[in-house]
Amino acid sequence: MEDTQPKAVTQEHILVPSPAPSPAPSPAPSPAPSPLLDVIAVPTSNNVEHLNVNQIQVVLRRCSSPNVMEETTYFIPRNPVVDAGTNTDPPVVCCPLLRRFCPCPPKGLLASLITKVFLAAVLFGVVWSITEDDCLPGGNLFGITILFICAVIGGKVVALIRLPKLPPFPPLLGMLLMGFTLRNIPVIKEGVYIDFKWSAALRNIALAVILARAGLGLDPMALRKLKSVCVRVACGPCILEACTTALISHFLMDLPWVWAFILGFVLGAVSPAVVVPSMLLLQKDGYGVEQGIPTLLMAAGSFDDVLAITGFTTCLGMAFATGSTWFNLLRGVLEVAGGTVVGLLLGFLIQYFPSVDQKHLVIKRSFLVLGLSVFAVFGSGVAGFPGSGGLCTLVLAFLAGLGWGSEKARVEEVVGWAWDVFQPLLFGLIGAEIRISELEGLTVGLGIATLVIALLVRVLFTFVCVLCAGFNMREKVFIALAWMPKATVQAAIGSTALDMARTKGDVQLQKYSMEVLTVAVLSILITAPIGALIIGLAGPLLLQKPKNSACGSKAEDDNESPVTYESTL
């Protein structure tokens with residue numbers, strides 16, 4: 001051992017008398033010398049050395065005689081250069097502060113970021129090796145990917161905008177604006193190219209997903225509880241707004257009657273993406289819970305959307321059909337009947353297959369619902385009956401959920417994951433269809449005028465529909481104002497006519513469908529943020545909190561509102 005190391009061992013002998021004498025036992029053999037004494041030199045000094053960080057203390061006790069016990073302490077030097085656990089040299093720490101924030105190997109957030117970047121790079125390498133130029137700037141896959149990423153970022157940014165005591169702004173606004181921005185900036189527009197066939201296919205898949213969600217979201221129990229007022233609120237304003245829009249657009253925008261009704265049913269639907277989160281926020285605070293207002297609006301919203309989509313698909317089939325007007329009208333009725341029958345058959349089929357004793361039941365059911373929905377939307381167009389696919393999807397999803405009972409919620413969750421993927425694509429692609437260079441100021445002005453007049457008629461008629469429902473004046477005003485936001489359905493079906501017109505190659509039909517899409521986008525940009533603000537501001541002012549605190553706490557705990565407004569009649 002070198003001179004720089006501490007002395008080898010310090011040995012300390014302590015003679016401890018035995019506490020009590022005992023009978024003399026047989027002589028014990030003398031103990032064997034310690035093996036440590038043979039290896040380590042023991043100093044002759046009996047002075048006790050204090051233990052430091054570079055020493056290991058070893059205590060040996062042995063009985064040298066019947067009445068005397070000898071205790072020996074060894075201080076063995078520890079080599080500070082060697083790790084005692086791994087018997088290797090310890091790692092060299094060049095900068096403790098840098099190692100604290102950037103450990104090696106990386107962990108936590110830094111490791112997660114590096115992993116995601118690495119996965120994205122590997123995915124890009126695989127796709128590039130297969131598609132080559134298609135995933136480079138100017139290619140189709142590159143444009144779709146950039147649009148998706150920008151739409152997600154735009155939605156996240158808008159969702160971060162929160163005002164005190166107000167519901168958050170819907171993220172779909174950010175997605176729509178990002179698509180509009182990418183399309184209308186000259187430098188970016190050249191690099192972000194998306195083929196219209198791919199765009200139409202992705203938007204139709206998103207339409208199938210949202211139709212499946214709407215069908216699964218229909219609650220027959222809520223309909224039975226709310227009775228006639230739910231039917232009045234769901235059907236009356238939608239039909240009257242569609243007719244008002246058709247009448248005004250026919251004379252103001254010079255649209256044919258069938259295209260005017262297509263625009264009317266596009267604008268006639270209310271958006272669950274705006275109404276439901278706002279109602280849940282009010283329900284959490286107890287506003288309108290005793291009167292059942294949040295439950296009424298959330299339940300009626302689904303039926304309102306179903307009615308609007310059914311009317312839209314019927315008129316759409318008539319618009320692209322050839323022949324006499326009566327034949328086209330009969331064709332529309334046949335498409336509705338055919339879509340309903342096929343939806344009933346498929347809904348009964350997936351109620352029982354897969355059976356409940358199979359493994360991975362939720363995954364199989366979710367795949368069948370989504371797969372059949374996409375097949376119905378695309379297959380109806382291939383078969384020449386484009387108006388029947390949407391209604392078929394609604395019916396099969398509703399009937400399947402009705403047979404699954406409580407297990408429907410797990411399927412809805414999986415379908416919701418699919419919607420989380422296709423929602424940015426849908427709104428981003430819808431925004432990308434609007435080109436400032438092709439917009440006409442007259443069309444935009446007349447479209448806004450049509451939208452405003454139709455909204456006024458809708459609000460007034462909604463107020464009329466709840467006159468005999470047992471609500472007070474303030475609650476009636478709130479229901480009428482809350483029943484106007486538009487977003488999801490307008491984005492889902494607003495571009496369907498444009499896709500079909502491009503497939504036909506008819507310039508005049510493309511002009512009509514572009515006007516429909518323009519007004520649909522304007523309705524989203526105007527009514528979605530204004531509707532969210534009106535609900536958030538008017539709710540605490542016009543609605544009552546529950547008088548019974550137990551009822552209010554139960555509503556907050558269970559996230560449900562009892563429907564007891566009929567008792568106030």
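Visitor: Is F261 buried, exposed or partly exposed, and what is its relative accessible area?
Guide: In this predicted model, F261 has a relative accessible area of 27%, so F261 is partly exposed.

Visitor: And W257, how does that one count?
Guide: Partly exposed, because its relative accessibility is 41%.

Visitor: Where do W257 and F261 lie?
Guide: Both are in helix α9, residues 257-267. They sit 4 residues apart, about one turn of the helix.

Visitor: How many aromatic pairs does the structure hold?
Guide: There are 4 aromatic pairs. W257 and F261 make a tilted pair, because their planes are at 35° with the ring centres 6.5 Å apart.

Visitor: Which residues do ring pairs link into a cluster?
Guide: F251, W257 and F261.

Visitor: What about W259 and F320, how are those rings set?
Guide: Edge-to-face, with 70° between the planes and 5.7 Å centre to centre. W259 is in helix α9 and F320 is in the loop between α11 (293-319) and α12 (325-352), so this pair ties together parts 61 residues apart in sequence.

Visitor: Buried or exposed, those two?
Guide: W259 is buried, and F320 is buried too.

Visitor: New topic. How many cavities of 30 Å³ or more?
Guide: The count is 1. The largest cavity holds about 40 Å³ of space.

Visitor: Which residues line the largest cavity?
Guide: L147, G179, L182, R183, V192, I194 and A432. By type, the lining has 5 nonpolar, 1 polar and 1 charged.

Visitor: Which helix gives the most to that lining?
Guide: Helix α5, residues 172-184, with 3 residues.

Key: Residues numbered from 1 in each chain as written. Predicted model: local features only at pLDDT ≥ 70, side-chain atom pairs only at ≥ 80, totals over all residues. Heavy atoms only, no water. Phe/Tyr/Trp six-rings, centres within 6.5 Å; stacked < 30°, edge-to-face > 60°. Helix = DSSP H or I, 4+ residues; strand = E, 2+ residues; numbered from the N terminus. Buried < 20%, exposed > 50% of the residue type's maximum accessible area, 1.4 Å probe, protein only. 1 Å grid on protein atoms, 1.4 Å probe; cavity = no way out; pocket = protein on both sides within 12 Å on 5 of 7 lines; lining within 4 Å. Points joined across faces, edges and corners; volume = space filled by probe spheres on them. Nonpolar A, V, L, I, M, F, W, Y, C, P; charged D, E, K, R; others polar.
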